[in-house]
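Work through the exercises below with the sequence and the structure in view, and try each task before you read its solution.

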Amino acid sequence: MTVIVEAQDLGKHYPVGGNLLQKGTSLKAVDGVNLKVHAGETFAIVGESGCGKSTLARLLMRLMLPTSGEVIFEGRAIAKLKGAEVRALRKDLQFIFQDPFSSLNPRMTVAQLIAEPLEIHRPNLTAGERRKEVGRLLAEVGLRPSHMDRYPHEFSGGQRQRIGIARALASDPKVVIADEPVSALDVSVQAQVVNLMGDLCDQRGLTLIVIAHDLAVIRHMSDRIAVMYLGRVVETGPTDEVFANPRHPYTRALMSAIPVAEFGATQSRQHLSGEPPSPLAPPSGCSFRTRCPFATEICAQMQPVNETVAPGTEVACHHWRDVSSVSLTIAASATGRSPGAEARFAMYRTALANQDSP
Amino acid sequence: MLSHILRRLLVAIPTLILISVFIFGLQKLLPGDPVLALAGEDRDPETLNRLRDLYGLNDPIWVQFLSWAKGVLQGDLGTSIRSGIPVSQMIATKLPVTLQLAAMSMVFAIFIGIPAGIISAVRKGTKLDYAANVVALSGLSIPNFWLGIMLILIVSVKFHLLPASGYVPPTEDFWLSMKTMIMPAFVLGTGLAASLMRHTRSSMLTVMRQDYVRTARAKGLREPIVILRHAFRNALTPVVTLIALLFGELIAGAVLTEQVFTIPGFGKMIVDAVFSRDYAVVQGVVLVTAIGFIIMNLLADLAYVLLNPRLRGR
């Protein structure tokens, strides 16, 4: 697997406060992030709000320049690119935005919006060919090509997000970064858009980087996952592995917060107390220690480094061995159901089986 | 669309009636009347009364108003008591002068104010932004008459580059007309440019923060295209309103500048008419100015629809 996008010790610090006489502090929105995204995979970045996911996405896309570290795209550091090279980068690296309402210019028709990247990146198309291509792209994302002369306000949220996807695909990119692509949509529409993105990735062999806070969406879509907390990546690994064996205490807390859709199911929750600390004054050592049930003295003194704990899985925690040894059972069935309910479920199962068999 | 325009024009009718009544009433509150102004030193009460009877000034105020309104509905704005010239004819000679001045000032204001606003928004917080703001504030705070006098002193008196004052209709000698009008238009335009610049700047700053501007950048568009095609078109709406309002104001509000450059325009005519209590002239001028304002506002509304597809088809 070739690495297509890589973040090396990436950081974005904002100066905060301060005046002529006094130096202000800095807000570490993203701090020392290392990531490797392989060509063709769907890579998810997950974390609660304010953890720096969106900043990270913008850094990867070069919509922002990092204050430290580097983003490498196909072997080139993108911060050093200039003018025309940046525009060439936009062809290969595209972005799907969170809010389908505000991210489309209200003064332009859908055809104009989607044709614009074509004008820049495929200048040899004639106007007629461009319109044809716009129609093809609209059909590809499941919209009617005949609607291309309408304005964005004439579409629903899901349709607009499809327009945003068509726009992102217009330049035929290699990597698409989607920042919370479905969080602004109705739940019923979310699934459609998620599936659409999955299909498009398979058909086009795209590399997709998804930023999300919705674990169900992440689990459904992604091959690998990175968990962020307060600007740092605390755990990376194959999605199934991370979901099945979360090793970082924060990841554990996240996973145990996923509701289980089964009657009477109980599960041992790992509750987190308090709010995430202010990124203006992060705790010393491990930034998660203030909310971590496993925290000891070493956590306050040393920042944990990334350790490879299993093939492809990295965790930044001093105590990951202790964390893994405590079982986190998701007791999904039986327990908690009344005997009567259990009997009814059994009858229901037999009825279903009988229905299928003849 | 057409019904929208018609509805707007219908709404304009009560507005015009209200303005006419109001101005008519205000004039009657002023001490003195046109007859006194006409009679001068020799005030024989008998003569004054006869003259008042002649012009209907002894009638009750509502009779006076109705007889004026009747004339207006028949297309007759009345006659100036002072000069004996029909008001419509006076307006017809003065209005083009003021319109030319207003249009030329607007051209100055737009070509200075809007680019300056865009540049200072795009280069927000830089020296260029501060410089533009200082210039704009100076433009707003320097009185037009002072700037006019200074320009006359420097450009005309010292360097003999342009004529100092007067008016030449463009139909007579186009270039000379432009030359005489360019200084007053510049003086008027700078003040307007300053407020246009401030409005363009704040509107651009709002729009530049929008997500679709970020989308445009992510597409890989060149920055000038992002700014002009995506940001500026969306930022235009409040600017267009302001242009319409300023233009309406220019029709009546160029008094000082017209005075400094001795341009025989609308503003000067209003002032003269008020001083001589020339009721018919004041009424006529106010009516025409109000109509001008209403038309400009209607045009601004139509421009919105052109600029904003979300308003179409309503």
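This is a predicted model: local features need pLDDT of at least 70, side-chain atom pairs count only at pLDDT 80 or more; totals for chains, interfaces and linings use all residues.

**Exercise 1.** Find how far apart the mean positions of the positive and negative charges of chain A are.

Solution. Chain A carries 38 positive and 36 negative charges, where Lys and Arg count as positive and Asp and Glu as negative, while His and the chain ends are not counted. Each charge is placed at NZ of Lys, CZ of Arg, CG of Asp or CD of Glu.

Residues are numbered from 1 along each chain as its sequence is written, and side-chain values use heavy atoms, without hydrogens and water.

**Exercise 2.** Determine what area chain A and chain B bury between them, and which residues of chain A lose the most.

Solution. Buried area is the accessible area (1.4 Å probe) that two parts lose on being put together, summed over both. For chain A and chain B this comes to about 2,200 Å², with 50% of it on carbon and sulfur atoms. On the side of chain A, Arg87(A), Arg107(A) and Glu116(A) lose the most area to chain B, together 32% of what that side buries. Counting contacts (heavy atoms within 4.5 Å), one finds 25 residues from chain A and 20 residues from chain B taking part.

**Exercise 3.** State what share of the residues in chain A is buried.

Solution. A residue is buried when its relative accessible area is under 20% (1.4 Å probe, protein chains only). Of the 358 residues in chain A, 49% are buried.

Technical notes: Chains are lettered from A and ligands numbered from 1 in the order in which they are written. Buried means under 20% relative accessible area, exposed over 50%, partly exposed in between (1.4 Å probe, protein chains only).
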